[in-house]
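Me: I would like to learn how to read a protein model step by step, with the general idea given before each case. Could we go through it together?

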Amino acid sequence: MSTDSAKPEPVGSAAATPVPAAAGTKPRARITAISSGKGGVGKTFLSANLAAALARRGERVLVLDADLGLANLDVVLNLFPKITLHDVFTGKANLEDAILPAPGGFSVLLAGSGLVEYSRLTPEVREQLLKVIDTVAPRFDRILLDTGAGISDVVLYTVSLADEVLIVATPEPTSLTDAYATIKVLATQQHRRAIRLVVNQTSRPGEGRSICGQLQQVVDRFVTPLATDGIGPIKLDFLGEIPTDSVVREAVQRRQLLFEALPGCTVAKAVSDIAAKLAS
Ligand SMILES: Nc1ncnc2c1ncn2[C@@H]1O[C@H](COP(=O)(O)OP(=O)(O)O)[C@@H](O)[C@H]1O
Ligand SMILES: [Mg+2]
């Protein structure tokens, strides 16, 4: 989606409130899955702060905690949900009651933690997740799916529901190897041709772009030849890099959005630039 027609509602008020479908100018939200090969690379941190950055640009944003069994978006946002997606999936609560306003001017659908039933992709999970996304999509400009890491069937199914995928990787060789493996699976199984990349926890300016270039080379050499459906080469779309900075850990410790607490800091600026690229 583009931001040209998004309503410039004040941050933290009306922007967090879903509006009835009929009042929306867009028929359906653009769905972006935020995923990674390796865990602990910054997906949840980025999802929350990117949502705040997009909300500030005037988008009506919903973040869905799609790390269903090990959800922790609530922790990052300092929310204590009484109703989660688990209650919606099991028919104990209405979807409407599970959509909460978050600090930062966006909405969230939170999930439960320690729920082993979400470690496998069952027909119920497939159906419920699809139903929830279909119901909320007309009311927002953008939905961010904060997924789990890796290539389990639950993660791949969640990602398959998105219009676009944003992979988060760090410069560590283990993270890059896992990012490459994930990209390969997404290209060959989901026939994705454009995959967005954010390199988090960089230690020098330019490191992210250089890593993206290296990953692109490996993808050109080993993955593109596997994509035999003739749609063309697989393109990594570099959205930006975020430096390693102690302010991130401190914000998570304080359970604050960095984008709210220190909007002018280098990391917030980096997230803002990523939001601008994503929206363009
Ligand atoms: N740019 C960064 N600089 C410093 N620490 C970071 C950065 N990004 C993430 N972290 C640290 O990594 C932790 C894990 O991030 P999280 O978003 O929970 O990862 P994931 O959702 O991918 O498992 C954060 O709580 C934070 O302490
Ligand atoms: Mg996470």
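Me: How many bridges join strand 1 to strand 5, and do they run parallel or antiparallel?
Reply: Two strands are taken to pair if DSSP finds at least two bridges between them, and the elements themselves are DSSP runs, numbered from the N terminus, with helices (H or I) of at least four residues and strands (E) of at least two. Here six bridges join strand 1 to strand 5, and the two run parallel; within this pairing, A33 stands opposite L145 in strand 5. Strand 5 is also joined to strand 2 by six bridges, again in parallel, and there D65 stands opposite D146 in strand 5.

Me: Before we go on, what kind of model is this, and how are its parts labelled?
Reply: This is a predicted model, in which local features need pLDDT of at least 70 and side-chain atom pairs count only at pLDDT 80 or more, while totals for chains, interfaces and linings use all residues. Residues are numbered from 1 along each chain as its sequence is written, and chains are lettered from A and ligands numbered from 1 in the order in which they are written.

Me: In what order do the strands form the sheet?
Reply: In a regular strand the side chains alternate between the two faces of the sheet. In this structure eight strands form an open sheet in the order 3-4-2-5-1-6-7-8, with mixed pairing. Its edge strands, each pairing on one side only, are strand 3 (99-102) and strand 8 (235-243), and the twist from one strand to the next averages 25°. Elsewhere in the sheet, strand 2 (residues 61-66) and strand 4 (residues 106-109) run parallel and are joined by three bridges, with S107 in strand 4 as the bridge partner of L62.

Me: Which strands does helix 1 touch as it packs on the sheet?
Reply: Two residues are in contact if their C-beta atoms, placed from the backbone, lie within 7 Å, and angles run from 0 to 180 degrees between N-to-C directions, using axes that are lines fitted to C-alpha atoms, for helices over the stretch in contact. Helix 1 (residues 43-56) touches strand 1 (30-36), strand 2, strand 4, strand 5 (142-149), strand 6 (164-169) and strand 7 (194-202), and its direction makes about 175° with that of strand 5. Just after helix 1, G58 takes a positive phi of about 105°.

Me: Why is strand 5 described as largely enclosed?
Reply: A residue is buried if 20 or more other C-beta atoms lie within 10 Å of its own, exposed if 12 or fewer, and partly exposed in between, with C-beta atoms placed from the backbone. Eight of the eight residues of strand 5 are buried, so strand 5 is largely enclosed by the rest of the structure. Helix 1 is mostly covered as well, with 14 of its 14 residues buried, while 45% of the 280 residues of the protein chain count as buried.

Me: How can I read the length of helix 11, and what covers its buried residues?
Reply: The expected span of a helix is 1.5 Å times one less than its number of residues. Helix 11 has 14 residues and reaches 20 Å from its first C-alpha to its last, close to the 20 Å expected. Helix 11 (residues 266-279) lies across strand 1, strand 7 and strand 8, running at about 160° to strand 8. Its buried residues are V267, A268, A270, V271, S272, I274, A275 and L278, and what covers them includes strand 1, helix 1, strand 7, strand 8, helix 9 (246-254) and helix 10 (258-261).

Me: How many residues surround ligand 1, and which are the closest?
Reply: A residue is placed near a molecule if its C-beta atom, placed from the backbone, lies within 6 Å of it. Ligand 1 is surrounded by 17 residues, the closest being G42, K43, T44, F45 and V248. Helix 1, strand 7 and helix 9 are the elements that give two or more residues to this shell.
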